[in-house]
Amino acid sequence: MNNVASNIAAIRARIPASVQLVAVSKNQNDAALDDALKAGQRLFGENKVQEAYAHWEKRRAQYPDLRLHLIGPLQTNKADDAVALFDVIETLDRPKLVDALMRAMKKQSRLISCFIQVNIGAEEQKAGVDPAQLEELLRYARAQGLSVTGLMCIPPVDEDPVPYFKMLRNMAQELNLPECSMGMSADYERAIEQGATIVRVGTALFGVRS
Ligand SMILES: *Cc1c(COP(=O)(O)O)cnc(C)c1O
């Protein structure tokens, strides 16, 4: 087994089968991506639309069961490209993006699910909707016809993430949203303990990014 394959096996052994493992492949080279595919990994996360195309446009034809999540911020002018490539947009955070995504989905007759990214620590300069505006954004998205099925967060760095994981899980429960995307290499097990249904793991799976 190569390193990526053994890392995937080790992580899989530590998470329940009901939890989805998003392999975060940003900044990885072709060999790493192919090692993960060979090991059976089919769900990947990227945080830039352009890099995601470079990584996955061709491989998608080869692996029809590939699934891609966008986990980085999305500009409205890239909504068309994002809708064409990704299966889930995890970073919905504003009404303008709802409008752009709906336009793109109608144009392409392709409806994909979104998660709302919550700025769970209410930090200045951090992506995600302010917790106080979450319900309003959800209502708006649904009124426009967008399928919102979950929440996503990145807790403040250098703080215990557990209280933030709990908060996101509670918000998802109150809003009846089944998916909760939280937890990265350093804290995915703690996120699962708090109810994560999706963890996003890069470094622990691929090694340090180049
Ligand atoms: C890079 C990234 C990850 C993965 O981080 P690791 O610490 O390498 O596991 C998860 N989520 C988002 C949004 C990211 O940008």
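The model is predicted, so local features need pLDDT of at least 70 and side-chain atom pairs count only at pLDDT 80 or more, while totals for chains, interfaces and linings use all residues. Residues are numbered from 1 along each chain as its sequence is written, and side-chain values use heavy atoms, with hydrogens and water left out.

Around the ligand there are 13 residues, of which Lys 26, Ser 185, Gly 202, Thr 203 and Arg 209 come nearest; a residue is near a molecule if one of its heavy atoms lies within 4 Å of it. By class, this shell comprises six nonpolar, four polar and three charged residues. Ala, Val, Leu, Ile, Met, Phe, Trp, Tyr, Cys and Pro count as nonpolar, Asp, Glu, Lys and Arg as charged, and the others, Gly among them, as polar.

An oxygen atom of the ligand lies 2.7 Å from a polar side-chain atom of Lys 26. For Ser 185, an N or O atom of the side chain is 2.5 Å from an oxygen atom of the ligand. A nitrogen atom of the ligand is 2.9 Å from a polar side-chain atom of Arg 200. On its own the ligand has 390 Å² of accessible area (Shrake-Rupley method, 1.4 Å probe), and the protein covers 89% of this area.

The structure contains zero disulfides (pairs of cysteine sulfur atoms within 2.5 Å). The cysteine sulfur closest to that of Cys 114 is in Cys 180, 16 Å away and too far for a bond.

Terms used. A polar contact is a pair of N or O atoms within 3.5 Å; within protein, one must be able to donate a hydrogen and the other to accept it, and residues adjacent in sequence count only if both atoms are side-chain atoms.
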